[in-house]
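Have a look at the model first.

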Amino acid sequence: MNIASVIVDVPSSSTNQTFDYCIPEQFQGVIQKGMRVIVPFGPRKIMGFVTGVKDGTSLSKVKDIIDVLDITPVLTDELLSLSRWVSEKTLSLSITVLQTMLPQVLKSQYSKDLVRETEAELPDELEALFASRESIDFDEVGKSTISYRIIKNHIDSGDLSVSYHVQSRITKKYQTMVVPSKSPIQLEEEIMSLPKNASKQKQLLTYLADNQSEIDKKQLLQETNTSVQTVKAIEEKGIIKTYKKEVFRDPYKDQYIEPTFPLNLTKEQAQAMEPIKYSLDNHINETFLLHGVTGSGKTEIYLQAIQQVIEEGKEAIVLVPEISLTPQMVNRFKGRFGSKVAVMHSGLSSGEKYDEWRKIHRQEVQVVVGARSAIFAPFENLGIIIIDEEHETTYKQEDQPRYHARDVAIERAAYHQCPVVLGSATPSLESFARASKNVYTLLTLQERTNHQTMPKVEIVDMRNELHAGNRSMFSRPLMEQMDERLRRGEQIVLLLNRRGYSTFVMCRDCGHVCECPHCDIALTYHKNTQRLKCHYCSYEQSVPQTCPECESDLIRYFGTGTQKVEEALAKQIPEARVIRMDVDTTRRKGSHEKLLRQFSEKKADILLGTQMIAKGLDFANVTLVGVLSADSMLHIPDFRSSERTFQLLTQVSGRAGRHELPGEVIVQTYTPEHYSIEFASVYDYDNFYRKEMAMRKAFQYPPYVFLGLITVAHENHARAIQVTQEIVQMLSNIVEERTTVLGPTPSPVPRIKDRYRYQCMIKYKNEPNLHEYLGHIQDHFSDEIRKQQMQLTIDMQPYYMM
Ligand SMILES: Nc1ncnc2c1ncn2[C@@H]1O[C@H](COP(=O)(O)OP(=O)(O)OP(=O)(O)O)[C@@H](O)[C@H]1O
Ligand SMILES: [Zn+2]
Ligand SMILES: [Zn+2]
């Protein structure tokens, strides 16, 4: 008797374990570890993952597996054990982790049907719904006015029953292929024997005789100018056969990508390459931190390391931040490795993502370039993992499971005994600290490959501008430089380090700000729709004509969004052609690429945007970068705000003067003396690192300590504080002496969706049992959580203190 251990698709703490199911006769030897199955669970049928198959005598209680969804396992043994590691580290449910590892379409959807069991008469409205059907979707019942009590009565009496279905969301795409079933000579004979008026058939057969191979039916019809009937007619004569062939959606198929070849490495690059190569040659599991200034040729090092991995028949994962997954970046990998590359990012449709995933699963590719979740690519023979821009916070998932791709990378590399390369011009403090302690191996590139000096950075003190009577958002030096570029036909990048819609509405008389009624946050003004919206709960309202507080009609819009800058540019430099890039203009699929293409084709003089333009772009004609407000990130109450400011300024400066033309950078600020602005302007990472480390030490923040953030969100305000207080108490009693437990403190946004939010923060150096303690806390409050009165989120090594 074979018993399967199954993790079921019921995300709750009470079902966070494996359940035993019998493998019925017909599935013996078919069902394996790592496959998805359908199992009965209470009254429902649900999807589950098989995590093990064992021999055993079944207790009579064990139910049978109903069906199996996969032909081959979708999760390898390695990924199954990795999932256990991730759920332990992030205190997440096993099912949530397993589903995170797979493309969206492999998650099942469930439907609930109401089934008619007897001939008994039902209330009129139900009779009308059923009409002549045996079963109806429960959704339809929900939309009607029929009360659940009536339905329940009929269920109890056995006239109706409820049944659950699992619907697979898999969408495979097929194309119809046409194959001649005869030789060319036989085809010629067939053509001769056709009646005179069958000219279409003749055309088609001639084409097939000339191109003796299978062909897509659609293409055949097009090229021979024939119709479906013609194909059908000759198929019936047995001259050709048609069959359906599965096709992979390839989002890049219509693009020609110029092939590239390995460059001769510069001396610095060669020096950095050597230890990586050594580690590859000897299958050493080692983590490298490649610290190279922007334009120093880090990508070429990645490419050549991957080349070696491919030649050894192994595989490579390359992670890049979502934002950098521009065609420019993707093309560099496709240009070198062609069809060996799969690409995974949020810009793909779910079908496309599934197809890219399957290329990896079927071992048709050896490289994946992707965003965070590509770290779970089902490769079985990994030779290297590369994380570009390793300091980027997008590598940390903000939702369950709250994993960091860097940690997962290091865990996978240990399993595969292969190196990890973390690359950045501005390494995270955590990584650089590890490199300083030789936990990681530090590799440094100090020069740009073209030996251009780094662009000169000028800091402009905006207070002086105000004093001199300049109230515009562009300083005098920036205006002068922009004019100059426009005259010379060169291009400009303007960074506004804020989202386009951060405008809020305030009364000038009493200072009243329009806030969301459900969250403690100002509503933001959307110019396109002329409405006020909440970012947290999507509440919407129109803009009030008069102040709701004092009835004044002096309503004003505050905040400088990209839209406002765009308007100011139009006013002050009307001749400049501007492309604006922010969340609003890049929402539609492909718009990001389109805007960048237009800019590279010099259809605009100025590229104005948010963070999304700071990274990875490489335009030869950009000689001026302007940062409109370097301080806006500094004032975010977050211990990483200086680090982020330094990183952003360095990154955006790196966009200028990457080719022959030298570049310049202008940074506008109200705090020119701040060390992150000062050190960024002279590209001094080492001194920034030293200064920032001293701050982190003084205030006890990472990398000196680890953090755990627990957030309680409760519908009852007093209870929110009480629960958090209890948690603080429970932890304080149990942790080591030098560990600090802080709280209860209101969250930065103290109320979201009518729930009050309080936090407890743990700062620790060594707490080997912390995950266990936190697990107990989750259990302790499981009642309230299950009743959905409260949410408890635990974020280990948090990036956003929300
Ligand atoms: N050995 C080399 N010889 C000549 N050119 C090179 C060499 N290595 C890289 N380059 C070129 O130098 C430019 C910068 O390199 P690359 O983009 O790889 O740098 P990077 O360090 O990844 O930069 P960033 O961090 O700004 O993205 C590219 O145009 C690249 O083709
Ligand atoms: Zn007012
Ligand atoms: Zn809200």
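Helix α11 (residues 298-311) gives the largest share of the shell around ligand 1, with 3 residues. Keep in mind that this is a predicted model. The whole shell counts 18 residues, and the closest are Asn264, Gln269, Lys298, Thr299 and Thr449.

| Residue | Part of the residue | Distance to an oxygen atom of ligand 1 |
|---|---|---|
| Gly297 | polar backbone atom | 3.0 Å |
| Thr299 | N or O atom in the side chain | 2.8 Å |
| Arg332 | polar side-chain atom | 2.8 Å |

On its own, ligand 1 has 640 Å² of accessible area, and the protein covers 79% of that.

Now for the nonpolar cores. The largest one has 85 residues, and Leu75, Ile317, Val368, Ile375 and Leu607 have the most contacts inside it. Take Ile317: beyond its neighbours within four places in sequence, its contacts include Val368, Ala374, Ile375, Phe379, Leu382 and Arg412. There's also a second, separate core of 29 residues, with Leu290, Ala305, Val309 and Phe337 among them.

Last stop, helix α8 (residues 217-224). Which of its residues are buried? They're Leu220, Leu221 and Thr224. These three sit on the same side of α8 because they cover an arc of only 100° around the axis. The buried residues pack against β9 (173-180), α7 (199-210), β10 (215-216) and α9 (228-236). Exposed Lys218 and Gln222 are on the face turned away from that buried side.

Notes: Residues numbered from 1 in each chain as written. Chains lettered and ligands numbered in written order. Predicted model: local features only at pLDDT ≥ 70, side-chain atom pairs only at ≥ 80, totals over all residues. Heavy atoms only, no water. Buried < 20%, exposed > 50% of the residue type's maximum accessible area, 1.4 Å probe, protein only. Helix = DSSP H or I, 4+ residues; strand = E, 2+ residues; numbered from the N terminus. Arc of directions from axis to C-beta. Contact = heavy atoms within 4.5 Å. Core = buried A, V, L, I, M, F, W, Y, C linked by side-chain atoms within 4.5 Å. Near = heavy atom within 4 Å. Polar contact = N/O pair within 3.5 Å; in protein donor to acceptor, adjacent residues only side chain to side chain. Areas by Shrake-Rupley, 256 points an atom, 1.4 Å probe, with all protein chains shown as cover.
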